[in-house]
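Here are a few notes from going through the model. Have it open while you read, and follow along point by point.

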Amino acid sequence: MEYRRLGDSGLKVSRIALGCMSFGDTARGANRWALGNDAAGPIFRQALELGITFWDTANVYGLGTSEEIVGSALRRYSRREDIVLATKVNRPMHAGPGGSGLSRKAILEQIDASLTRLGTDYVDLYQIHRFDPETPVEETMEALHDVVKAGMARYLGASSMWAWQFSKLQYVAERNGWTKFVSMQNQYSLMQRADEQEMFGLLADQGVGSIPWSPLAKGRLARPWGTATVRSGDDPVAARIFGADDRAVADAVEQVAAARGVPMAQVALSWVLRHPVVTAPIVGATRPEHLRDAVAALELVLSPAEVESLESVYTLREATGF
């Protein structure tokens with residue numbers, strides 16, 4: 001496993017992050033394809049064996065049950081100091097005024113709830129789960145700064161939004177001497193490259209590391225086009241952001257993978273890892289080969305001709321997933 005600093009911060013993370021949206025209790029709000037506590041255990045153990053020590057979850061995943069499972073795995077299989085633990089805040093947890101959004105009330109309420117579910121005193125990376133247009137950015141950034149100063153989070157991160165929104169948040173923090181973001185969890189894959197136009201330039205300028213979500217386009221770059229899975233038929237987000245015009249990209253990945261004699265996922269992840277601003281793609285795993293392929297991608301070096309064949313079929317599109 002390789003390890004790299006997250007942006008210009010001093011925090012070192014594994015170059016593959018374990019995405020924990022795949023874990024949760026289906027009886028309490030998790031997706032039907034999510035793995036419960038017992039089924040998730042082997043995935044966490046495999047991650048540790050492979051050196052994947054950067055684990056990413058969110059309060060809303062499985063309505064808190066993902067955090068519970070992650071916390072349980074942390075206690076059963078590792079030591080707190082050996083894991084870089086990340087979670088998020090913003091998405092609805094309940095109907096009350098502190099149940100969603102990025103108000104001071106919501107941030108302070110939800111960090112307490114997340115720490116309780118995770119069974120820890122702090123998270124290493126506390127991320128805002130998208131931009132909140134209904135809350136003044138000053139209120140959000142001061143509350144996040146207070147969370148850091150209280151010792152409940154070590155670093156701050158953001159997720160998919162317009163570059164101007166992220167710039168505004170960073171500016172407000174810098175102007176007031178508050179904690180700035182060190183990471184951006186944005187959507188980036190061979191099927192969605194909109195952030196190359198503005199966001200990646202901003203991240204490079206600000207010394208912020210990218211930890212892309214859906215680097216395999218929600219599995220569409222890990223299998224031949226049209227192959228159905230339980231998740232592909234039960235993921236409204238994927239249906240909204242990917243369409244039939246993406247087939248050419250999947251076909252190109254399949255051709256390169258076949259010529260190399262490797263799984264498609266290795267090719268798609270190797271391409272994402274090439275970008276200098278990308279620190280660690282987030283890989284959701286429900287089967288052992290998912291993490292094996294992700295780690296193997298670190299060793300796969302694509303030739304200029306292969307990169308050209310993968311990129312040339314891409315159709316320019318607007319950013320999605322905000």
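Why is strand 6 (residues 123–128) largely enclosed by the rest of the structure?

1. Keep in mind that this is a predicted model. As for strand 6, six of its six residues are buried, so the rest of the structure largely encloses it.

2. Have a look at what pairs with strand 6. Strand 5 (residues 84–89) runs parallel to strand 6 and is joined to it by four bridges.

3. Helix 3 (residues 104–118) makes a right-handed β-α-β unit with strand 5 and strand 6. Helix 4 (residues 137–149) does likewise with strand 6 and strand 7, again as a right-handed β-α-β unit. Strand 6 therefore belongs to both units, and its six residues are buried.

4. On to the side chains. Arg154 has its charged end over the ring of Tyr122, 3.7 Å from the ring's centre. Arg193 does this with Tyr314: its charged end sits over that ring, 4.8 Å from the centre.

5. Last, the aromatics. I'd go through the seven aromatic pairs that the structure holds.

How values were computed
Residues numbered from 1 in each chain as written. Predicted model: local features only at pLDDT ≥ 70, side-chain atom pairs only at ≥ 80, totals over all residues. Heavy atoms only, no water. Phe/Tyr/Trp six-rings, centres within 6.5 Å; stacked < 30°, edge-to-face > 60°. Lys NZ or Arg CZ within 6 Å of the ring centre and 35° of its normal. Buried < 20%, exposed > 50% of the residue type's maximum accessible area, 1.4 Å probe, protein only. Helix = DSSP H or I, 4+ residues; strand = E, 2+ residues; numbered from the N terminus. Pairing = 2+ DSSP bridges. Right-handed = clockwise from strand over helix to strand, strands pointing away.
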